[in-house]
Amino acid sequence: MARSLWIPFSSLWGPRGLNTVSLCLQKILQLLWAEAMAGDLGGACRMWSSLNEWLWHERFWLPPNHTWAELEDPDGLVYAHPRDMLAALPVALALVAVRLAFERFVGLPLSRWLGVRDQARKPLKPNPTLEKHFLTEGGKPKEPQLALLAARCGLTLRQTQRWFRRRRNQDRPCLTKKFCEASWRFAFYLCSFLGGLWVLYHESWLWTPAMCWDNYPNQPLKLALYRWYLLELSFYTSLLITLPFDIKRKDFKEQVVHHFVTITLITFSYSANLLRIGSLVLLLHDSSDYLLEACKMFNYTHFRRVCDTLFVVFSLVFFYTRLVLFPTQIIYTTYYESIANSSPFFAYYFFNTLLAVLQLLHVFWSYLILRMLYSFVKKGQMEKDVRSDVEESDSSDGEAAQEHPQLKNGEAPTDGPRRRAAGRLVNGHTPAT
């Protein structure tokens with residue numbers, strides 16, 4: 001059966017290669033389902049074995065003329081094996097527990113010490129009709145919907161608007177939660193960056209990226225590099241686990257894509273023994289991430305100058321590492337120097353595709369940073385994070401203008417006793433004594 005499913009690898013690179021792969025996978029799944037439904041568990045197991053053998057074929061993962069047998073720990077040397085990454089899941093769960101303890105016993109006291117205070121929120125009167133609309137239709141109804149809801153609930157339009165603002169504020173995270181989350185990420189990114197420097201400082205490929213391909217793929221695994229790699233994979237896996245409970249910003253979808261691409265890059269690079277170039281990618285990202293989290297922490301406090309200084313330093317480091325070093329050193333060496341002594345293979349294309357996706361995310365975030373930098377230069381201080389929602393005041397600008405209209409110089413109020421007295425004087429009447 002395995003022979004009947006075999007497709008020559010050369011056909012995958014033709015014009016109809018993707019269609020060939022799709023048909024192959026579809027046929028495998030159909031046969032697996034048919035044999036499982038027929039009760040032939042032995043046949044299903046054989047089919048799964050054939051699929052596993054096809055997935056881990058050397059031509060997908062290793063350069064031409066290399067096999068997995070070369071990486072089976074000969075002569076006491078240790079090489080990277082894909083099964084090693086299974087340890088990331090329990091470590092990720094442990095990191096979630098460590099994070100909860102850190103935020104409770106370190107982040108929260110630190111926020112109070114730095115003067116972080118949550119904004120007082122006015123109580124919200126229960127209203128089943130408005131609550132149902134908020135949960136089903138959304139929290140920002142348009143004015144015709146507001147008028148209809150106000151009539152159904154016996155409220156004024158202004159009262160209905162105020163209710164929705166207070167309800168939206170209830171779902172927004174408080175400053176203390178934001179500070180604790182940023183403090184945890186700052187602690188990890190800083191420790192990871194320092195640990196990565198300690199692991200890679202004496203390695204030749206840190207200073208000369210072309211050395212990443214020296215004698216590839218026959219590059220033994222070092223224990224310190226494995227532990228650092230495992231910790232990074234576990235951390236990003238823990239971020240996916242806690243994603244539903246973390247603060248959701250406007251770039252939430254981009255963050256999800258970034259986490260999935262990072263996890264795929266780490267896992268794939270480890271499985272294909274691309275640890276050297278993978279370690280450079282991780283170190284380069286960690287070099288600016290801890291500065292961003294430190295900037296967030298001080299943005300929630302009253303230390304504005306510290307926040308502004310950190311933001312400028314972070315912007316310079318981010319632009320240099322993500323827009324200069326990453327494309328000119330990392331992507332250049334993976335695209336050109338990696339195949340200097342061999343022909344392209346599947347891992348070459350797949351790895352470079354993931355790096356290109358990362359670079360697109362770098363450009364997107366650079367645009368957001370430039371917007372904040374423009375505001376910083378224009379106003380003299382850093383504004384809010386453009387990715388975050390701002391807690392709304394109890395009265396909107398429009399309502400405030402209606403309640404307290406702005407007067408021009410020398411103009412009397414349009415209502416109230418002073419305006420009425422001014423009107424009588426204009427009409428030739430004098431106020432009664």
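Is Pro 64 buried, partly exposed or exposed, and at what relative accessibility? At 35% relative accessibility, Pro 64 counts as partly exposed. The value comes from a predicted model, and the rest of this report describes that model.

## Overall make-up

The protein contains 17 helices and 0 strands. Of its 433 residues, 43% count as buried. Among contacts with a separation of 6 or more, 78% are between residues 24 or more positions apart.

The average pLDDT is 79, and 76% of the residues score at least 70. Where pLDDT is low, the predicted coordinates should not be read in detail.

## The loop between α4 and α5

Pro 64 lies in the loop between α4 and α5. In sequence, Pro 64 and Ser 342 are 278 residues apart, but their C-alpha atoms are 7.1 Å apart in space. Leaving aside neighbours within four places in sequence, Pro 64 is in contact with Ser 343 and Phe 345.

Asn 65 is also placed in the loop between α4 (58–61) and α5. Although Asn 65 is not a glycine, its phi is positive, at about 70 degrees. Asn 65 has a relative accessible area of 78%, which is over the 50% cut-off, so this residue is exposed.

Asn 273 has a positive phi of about 60 degrees and is likewise not a glycine. Its place is in the loop between α12 (252–271) and α13. With a relative accessibility of 3%, Asn 273 counts as buried.

The relative accessible areas of several residues are listed below.

| Residue | Relative accessible area | Class |
|---|---|---|
| Pro 64 | 35% | partly exposed |
| Asn 65 | 78% | exposed |
| Cys 212 | 2% | buried |
| Asn 273 | 3% | buried |
| Cys 295 | 3% | buried |
| His 362 | 0% | buried |

## Helix α13

## Cysteines and a buried histidine

A search of the whole structure finds 0 disulfides. Cys 295 is in no disulfide, and the nearest cysteine sulfur, that of Cys 307, is 4.0 Å away. A disulfide needs the two sulfur atoms to lie within 2.5 Å. Cys 295 is buried, with a relative accessible area of 3%. Cys 212 counts as buried too, at 2% relative accessibility.

His 362 lies in helix α15 (residues 346–379). Its relative accessible area is 0%, and it is therefore buried. Not counting residues up to four places away in sequence, His 362 touches His 285, Phe 318, Arg 322, Leu 323 and Phe 326.

## Aromatic rings

How many aromatic pairs does the structure hold? There are 22 of them. One of these pairs is formed by Phe 188 and Tyr 189, with an edge-to-face arrangement: 6.2 Å centre to centre and 70 degrees between the planes. Both Phe 188 and Tyr 189 are buried. Elsewhere, Phe 60, Trp 61, Phe 268, Phe 346 and Phe 350 form one aromatic cluster.

## A cis peptide bond

Which two residues does a cis peptide bond with an omega of about 10 degrees join? They are Tyr 216 and Pro 217. Pro 217 lies in the loop between α10 (204–207) and α11 (223–241).

Technical notes:
Residues are numbered from 1 along each chain as its sequence is written. This is a predicted model: local features need pLDDT of at least 70, side-chain atom pairs count only at pLDDT 80 or more; totals for chains, interfaces and linings use all residues. Side-chain values use heavy atoms; hydrogens and water are left out. Buried means under 20% relative accessible area, exposed over 50%, partly exposed in between (1.4 Å probe, protein chains only). Helices (H or I, at least four residues) and strands (E, at least two) are DSSP runs, numbered from the N terminus. Contact means heavy atoms within 4.5 Å. pLDDT is the predictor's confidence in each residue, from 0 to 100. Rings of Phe, Tyr and Trp (its six-membered ring) pair if their centres lie within 6.5 Å; planes under 30 degrees apart count as stacked, over 60 as edge-to-face and the rest as tilted.
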